[in-house]
Amino acid sequence: MFERDARIVNARHGDATPGEIAIGVIIGRTSEFFDFFVYAIASVIVFPKLVFPYLDALTGTLYSFAIFALAFVARPIGTGIFMAIDRNYGRGVKLTITLFLLGTCTVAIAFLPGYEQIGAASAFLLALLRIGQGLALGGEWDGLPALLAINAPEGRRGWYAMIPQLGAPLGLIVAAALFAFFVANLSSDDFFDWGWRYPFFVAFAINVVALFARLRLVVTPQYTRLFESRELQPAPVLKTLRAEGTHVIVGAFAPLASFALFHMVTVFPLSWVFLFTAEGPARFLVIEIIGAFVGLAAIVVSGYVADRIGRRNLLAGTAAAIAAFSGFAPQLLNGGEFGEMTFMVLGFVLLGLSFGQSSGAVAASFSKAYRYTGSALTTDLAWLFGAGFAPFVALLLSSQFGLMAAGAYLLSGAICTLLALAVSSQFRTRADR
């Protein structure tokens, strides 16, 4: 009934144009990444002191990063649960439930009592809410990036592939700006009492806006026709894995370099600077905002470049560049403000060029019947393998063996991308025969 009423309301608008789809995608992804970065920043500067005050700063941050990773473990599970809801009750119902769950878990974190109030239960509640966020993030897949790709004109697929990725730097800019403002303008007591909680309330409000923007699109006649023609059919997860499991795995490893770099220039450097330098977090958050603007421009450039040399060639080239970057760049974090700025700008240039095309290089390999679910699973596993444990592993290695060890971790992601692209090319060659 909900799906029927929503279609009647939106039928008067006719088919969604590629521009409307692009706006809906950007709003949805910005909302998702804003939630992501609000939690990530709090994992560095809030949760170690609030939830783990009985540990030293490094160990508390590692524990915080371990809880951070739980959402990425839960994402594939959320995809399986909500794909079943999608098949039985409709996309609008699924999307409403997932965004309500995400918003509820996010705003509940804003009310989280610390260890001094409820003891170890504080960590348990944080982990439970983080798992809820992960389930919702897995379930909120709406197929809009796939719809955007389907509507892309010939020769412009790289341009349209980069549009959903714009949400990442936009979400980081807003999240970092909020935290930088409160850290810089509040006393330490006020910030840890109430200031850090405000961005989580803002995340809930943004989720509400994103919900209505995306509901407007997923019930349009155009989306419905694609859904009914099996172009965007939510196939069962196990059936998808049996039919397209190889493409899912290859697709998950293909963007590993960009996904590993994603956390190496956002979450990890903030933790390193916060723990191992005398600088406060507000200054480095401003550097992250500058880097995010650079990344935003680089994502746009990736669309032009990919349409001229091909997305796979761009991914391979940037993976090689990330491998070179890993050999010297992490040490720049010990080089003061100039070194930090150089690391962030170079890192975000590479991140924008690679991340801008990371979602579309292998997704086209899926058959129509499994494209919807296959793309969702590929995204979930790429985040799990490439990014979920990146802050924890990078901080653990660098604290024990120096920043060079963090570079080695990044190098492994670049190698995985090059191997996955090579395997994917072999599959395509065999298919052409």
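## Glu32 in helix α2

In this predicted model, Glu32 belongs to helix α2 (residues 18-45), where helices are DSSP runs of H or I with at least four residues, strands are E runs of at least two, and both are numbered from the N terminus. Glu32 has a relative accessible area of 11% and is therefore buried; buried means under 20% relative accessible area, exposed means over 50%, and partly exposed lies in between, with a 1.4 Å probe and protein chains only. When neighbours within four places in sequence are set aside, Glu32 is in contact with Arg75, Leu137 and Glu140, contact meaning heavy atoms within 4.5 Å.

Residues are numbered from 1 along each chain as its sequence is written. Because the model is predicted, local features need pLDDT of at least 70 and side-chain atom pairs count only at pLDDT 80 or more, while totals for chains, interfaces and linings use all residues, and side-chain values use heavy atoms, with hydrogens and water left out.

## The pairing of α4 and α20

Helix α4 (residues 57-89) and helix α20 (residues 368-388) have axes that come within 8 Å and cross at roughly 170°, the axes being lines fitted to C-alpha atoms over the stretch in contact and the angles running from 0 to 180 degrees between N-to-C directions. The crossing makes α4 roughly antiparallel to α20, a term for angles over 145 degrees. Among the residues that meet are Phe68, Arg75 and Asp86 in α4, and Tyr372, Asp380 and Trp383 in α20. By class, this contact has 12 nonpolar, 4 polar and 3 charged residues; Ala, Val, Leu, Ile, Met, Phe, Trp, Tyr, Cys and Pro count as nonpolar, Asp, Glu, Lys and Arg as charged, and the others, Gly among them, as polar.

Ala66, also found in helix α4, counts as partly exposed at 36% relative accessibility. Its C-alpha atom lies 9.1 Å from that of Gly388, although Ala66 and Gly388 are 322 residues apart in sequence.

## Geometry of α20

Of the 21 residues in α20, 18 are buried, so that the helix is mostly covered. A kink of about 35° is centred on Gly374, the bend at a residue being the angle between axes fitted to the seven residues ending there and the seven starting there.

## The whole protein

The protein has 22 helices and 0 strands, and buried residues make up 58% of its 433 residues. Among contacts between residues at least 6 apart in sequence, 85% join residues at least 24 apart.

Terms used. Parallel < 35°, antiparallel > 145°, perpendicular 65-115°, else oblique.
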